[in-house]
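Good morning, and thank you for coming. Please look at the sequence and the structure now shown on the screen.

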Amino acid sequence: MTEPLLHPSIVAMVSLAANIAANHPKKGLCQLERLRAYGIAEEQIDLVVDIARHLRDEAGQMLDAEFDIEARLDASAASLAMPLAPTFSAEPAKAACCTPTAKGNACC
């Protein structure tokens, strides 16, 4: 068997962040315990949690904003029986690549 390419603590950090960002029902608590058992500093764990929460919240805000835009119907079409198809721009929205977390941590 070959050795893993990443240290188990890195795998646990990535998994913790993914669990939080994805709103996984298990919440990453298993990974949290593993990180503590590996002796990872609470400050490092807090940083991972902060970034994961920021990305989760940012994604939710972006999806909500897109929904709000696409859900608005043209007032003149309100009398039509069939709803209008959503319109999509050929140009993707220009947004900042990385915004810092509320605590000021960089996420990229």
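This is a predicted model: local features need pLDDT of at least 70, side-chain atom pairs count only at pLDDT 80 or more; totals for chains, interfaces and linings use all residues.

Residues are numbered from 1 along each chain as its sequence is written, and side-chain values use heavy atoms, with hydrogens and water left out.

Let us begin with the core. A nonpolar core is a set of buried Ala, Val, Leu, Ile, Met, Phe, Trp, Tyr and Cys residues joined through side-chain atoms within 4.5 Å. Buried means under 20% relative accessible area, exposed means over 50%, and partly exposed lies in between, with a 1.4 Å probe and protein chains only. The largest nonpolar core has 10 residues in all: Ala 12, Leu 16, Ile 20, Leu 32, Leu 35, Ile 40, Ile 45, Val 48, Val 49 and Ala 52. Helices H1, H2 and H3 (42–71) each supply at least two residues of this core, and H3 gives the most, with 4 residues. Helices here are DSSP runs of H or I, at least four residues long, numbered from the N terminus.

I turn to the charged side chains. How many salt bridges does the structure hold? There are 3, a salt bridge being a side-chain nitrogen of Lys or Arg within 4 Å of a carboxyl oxygen of Asp or Glu. Glu 33, Arg 36 and Glu 42 are linked in a network. The closest N and O atoms are 3.6 Å apart between Glu 33 and Arg 36, and 2.9 Å apart between Arg 36 and Glu 42. Glu 33 and Arg 36 both lie in H2 (residues 29–37), 3 residues apart, about one turn of the helix. Arg 36 is partly exposed, at 39% relative accessible area, and Glu 42 is partly exposed at 34%. Elsewhere, Asp 57 and Arg 56 meet in a salt bridge of 3.1 Å, N to O.

Finally, the surface. Leu 5, Leu 6, Ile 10, Val 11 and Val 14 form a nonpolar patch with about 500 Å² of accessible area together. Patches are made of residues with over 30% relative accessible area and no salt bridge; like charges are joined within 9 Å, and nonpolar side chains (Val, Leu, Ile, Met, Phe, Trp, Tyr) within 5 Å. Accessible areas come from the Shrake-Rupley method with a 1.4 Å probe, and for residues only the protein chains shown count as cover. Val 14 lies in H1 (residues 8–21) and is exposed, at 52%.
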